[in-house]
Amino acid sequence: MLSVISYPVFALSVLFALVLSSSLFPLGWFEFRPEWLGLIVFYWTFRAPAQFGILLAWCLGLLLDVLEATPLGVNALAMGVIAFLVLTIHQRLRMYPLPQQCLMVFLLLGINQMLVHFIKQTLGVDSSGFSYLWPALTSALVWPVLCVLLDNLNRKDRKSTRLNSSHLW
């Protein structure tokens, strides 16, 4: 497992997630859009719990609130909850095979979606049914690809950084 993060990969992954979270999808596909920022919060909290915690996840959620023009604190609370839940189980999660990790992504992002849905219902947004859980399912399907991609990018960047710094001495 990764214990040290590559900060350029971290910054680019967060930027990529924010762009995909605020990008326009076709109207029929909007409810199936993965929870990109939730996936990135899950990944970095899972891979580097010492460097990525609840406060950073909360700040990213607040930034997503601003980008999506939702009431301030809705996504911030949800991202903080994701980070907290991943921090509590990250050691067990490291032992799980990828399909079981996908199930955990679905469960934790489902909790995220339920929390956001509950807050929006309290604030008066009218929606019914369980269609708000589609992003959790699509996020679980995207998780293996995202996890492998970010692991490889993080390893390559750390290896090249290590090689560049060894040539200086």
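How many salt bridges does a search of the whole structure find? The search finds two. Before we visit them, a word on what you are looking at. This is a predicted model, in which local features need pLDDT of at least 70 and side-chain atom pairs count only at pLDDT 80 or more, while totals for chains, interfaces and linings use all residues. Residues are numbered from 1 along each chain as its sequence is written, and side-chain values use heavy atoms, with hydrogens and water left out.

Let's begin with those pairs. Side chains of opposite charge can pair when their charged atoms come close. Here, a salt bridge is a side-chain nitrogen of Lys or Arg within 4 Å of a carboxyl oxygen of Asp or Glu. One of the two joins E68 and R33, at 3.9 Å from N to O. Since E68 belongs to helix 3 and R33 to the loop between helix 1 and helix 2 (36-47), the pair ties together parts that are 35 residues apart in sequence. Helices are DSSP runs of H or I with at least four residues, numbered from the N terminus. E68 is partly exposed, with a relative accessible area of 29%, whereas R33 is buried at 12%. Buried means under 20% relative accessible area, exposed over 50%, and partly exposed in between, using a 1.4 Å probe and protein chains only.

The side chains of R47 and D151 also meet in a salt bridge, at 2.8 Å from N to O. R47 sits in helix 2 and D151 in helix 6, so this pair ties together parts that are 104 residues apart in sequence. Both R47 and D151 are buried.

Now turn to the nonpolar side chains. In soluble globular proteins, nonpolar side chains tend to be buried together. A nonpolar core is a set of buried Ala, Val, Leu, Ile, Met, Phe, Trp, Tyr and Cys residues joined through side-chain atoms within 4.5 Å. The largest one in this model has 38 residues, and L37, V41, W44 and W143 have the most contacts inside it. Helices 1, 2, 3, 4 (74-93), 5 and 6 each give two or more residues to this core. The largest share, nine residues, comes from helix 2.

Take a look around W44. Leaving aside neighbours within four places in sequence, W44 is in contact (heavy atoms within 4.5 Å) with residues including V9, F10, S13 and N154. L150, in helix 6 (residues 134-168), is buried at 4% relative accessibility.

A pocket is an open set of points on a 1 Å grid over the protein atoms alone, where a 1.4 Å probe fits, with protein on both sides within 12 Å along at least five of seven lines; lining residues have an atom within 4 Å of a point. The largest pocket holds about 690 Å³. Of its 27 lining residues, F30, R33, Q113, K120 and P135 lie nearest the centre. R33 therefore returns here, the buried residue at 12% relative accessibility. Helix 5 gives the largest share of the lining, five residues.

Finally, find A69 in the loop between helix 3 and helix 4. A69 counts as exposed, at 70% relative accessibility. Its phi is near 60 degrees, a positive value in a residue other than glycine.

Key. Grid points are joined across faces, edges and corners, and a volume is the space filled by probe spheres set on the points.
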